[in-house]
2 protein chains.
Amino acid sequence: MGSAETERLPNSSFAVLGMLTFGEASGYDLVKLAERSLEFFWAPAKSQIYSELRRLVAAGLATEREVEQADRPDKRLYRITPAGERALRRWLEERPEHEPFKSEFLLKLFFGHQMSRERLLALVEGHRRDSQEALERLREIGAQIDGDPRFRSARLTLEYGIAHFRANVSWCDRALRTLKGGEG
Amino acid sequence: MGSAETERLPNSSFAVLGMLTFGEASGYDLVKLAERSLEFFWAPAKSQIYSELRRLVAAGLATEREVEQADRPDKRLYRITPAGERALRRWLEERPEHEPFKSEFLLKLFFGHQMSRERLLALVEGHRRDSQEALERLREIGAQIDGDPRFRSARLTLEYGIAHFRANVSWCDRALRTLKGGEG
DNA sequence: TCGAAATAGTCCGAATAGAACTAGACCGGA
DNA sequence: TCCGGTCTAGTTCTATTCGGACTATTTCGA
């Protein structure tokens, strides 16, 4: 019980706890919700979502109840507790720490001197395509939630994504010019 | 031996293998090198660098030799093998897979409806400051390697970083305007 | 009626993060 | 001279995270 106040939880716990503020949900629901919302900037494995739920219950930050269903498999529903809401707010008010950033693309680019020029160009062109596609997906989502005041904060994260991928595309264009003009 | 051809290695193995293309090095050297170069887009824990080295040797992609030193602790030096170079090139030529992106900042922003407006503003302002600082660090590095042809690929990754943080700063400015003007 | 898809969840191993720890040699100041 | 700090060099341990395989049940379409 008291452990809710002392134990230090990882961010993924709060990602799950945060999703519970949208209402009572099963693990399965949260997996789906995460895929449609957090996916771009926080994508816990589904096994992790289930284990975070167990941890939240153990820490008193959520409650669990079993629901028997006739038409489909039984399930367990989770609900955030007042202690959970307090814990979430405390976490939200802490300053995020340094953001680690990881990119297989940049890693390969960094060792680009080991690649042929054609391969290097193909690498950057592929990245440009991927970014362009991601951009289009985000714009579609944007059109769907447009104007809906419930998604005020979500809209900001969406616009962050759009800015990110737009910057990617421009960078790719510049890099391609450099690589083509470089010593050709 | 043959395992070098079949076994599927994680990207971190290739990060270490790639660093070995710069010359024979100890684990300690690579930790330092990673901190000064890969750090922005690929930051393996130092314990992982050491274990990757062991794995590379076991797979025949690198060789190890002990060096006794009088003035400081003994060390082991690692060198990439021809099989290692082939493996690295094969990996470089594979298309990178979908880039997971993870941000504690965006996660908190997404749950921004649980925060007071002041906290939300402070969150974004903090992110702007962090991005601005990162930008300045990268620009300094850029000035140092400017014009040096050895860092052609590295320069591209650096410019990627600059583009990324510049986009961050602009996004923060827009977000702050939205949040301040929104319903004030 | 067969198989695919949706619902609901578990299990396991590998990869990663990150902090603490060992240990030798150095260097500067009290 | 002794003490602490720093650099070099590496190990160990735990917790976290990822990702795929696996078990079930029910529904729905061909």
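Predicted model: local features only at pLDDT ≥ 70, side-chain atom pairs only at ≥ 80, totals over all residues.

Helices H2(A) and H3(A) are roughly perpendicular to each other, a label that covers angles of 65 to 115 degrees, with those under 35 called roughly parallel, those over 145 roughly antiparallel and the rest oblique. The angle between H2 (residues 11-20) and H3 (residues 27-36) of chain A is about 100°, and their axes lie 11 Å apart; the axes are lines fitted to C-alpha atoms, for helices over the stretch in contact, and angles run from 0 to 180 degrees between N-to-C directions. Helices here are DSSP runs of H or I with at least four residues, and strands are runs of E with at least two, numbered from the N terminus.

From H2(A), the contact uses A:Val16, A:Met19 and A:Leu20, and from H3(A) it uses A:Leu30, A:Leu33 and A:Ala34, where contact means heavy atoms within 4.5 Å. By class, these are six nonpolar residues, with no polar and no charged ones; Ala, Val, Leu, Ile, Met, Phe, Trp, Tyr, Cys and Pro count as nonpolar, Asp, Glu, Lys and Arg as charged, and the others, Gly among them, as polar.

Residues are numbered from 1 along each chain as its sequence is written, chains are lettered from A and ligands numbered from 1 in the order in which they are written, and side-chain values use heavy atoms, leaving out hydrogens and water.

Sugar and phosphate make up 68% of the atoms of DNA strand C that come within 4 Å of the protein. By class, this surface has nine nonpolar, seven polar and nine charged residues, and H4(A) gives the most to it, with four residues.

Phosphate oxygens of DNA strand C lie 3.0 Å from a side-chain N or O atom of A:Arg54, 2.9 Å from one of A:Gln69 and 3.3 Å from one of B:Ser12.

Finally, in chain B, three strands form an open antiparallel sheet in the order S1-S3-S2, where strands pair if DSSP finds at least two bridges between them. Its edge strands, S1 (25-26) and S2 (62-67), each pair on one side only.

Note on methods: Near = heavy atom within 4 Å. Polar contact = N/O pair within 3.5 Å; in protein donor to acceptor, adjacent residues only side chain to side chain.
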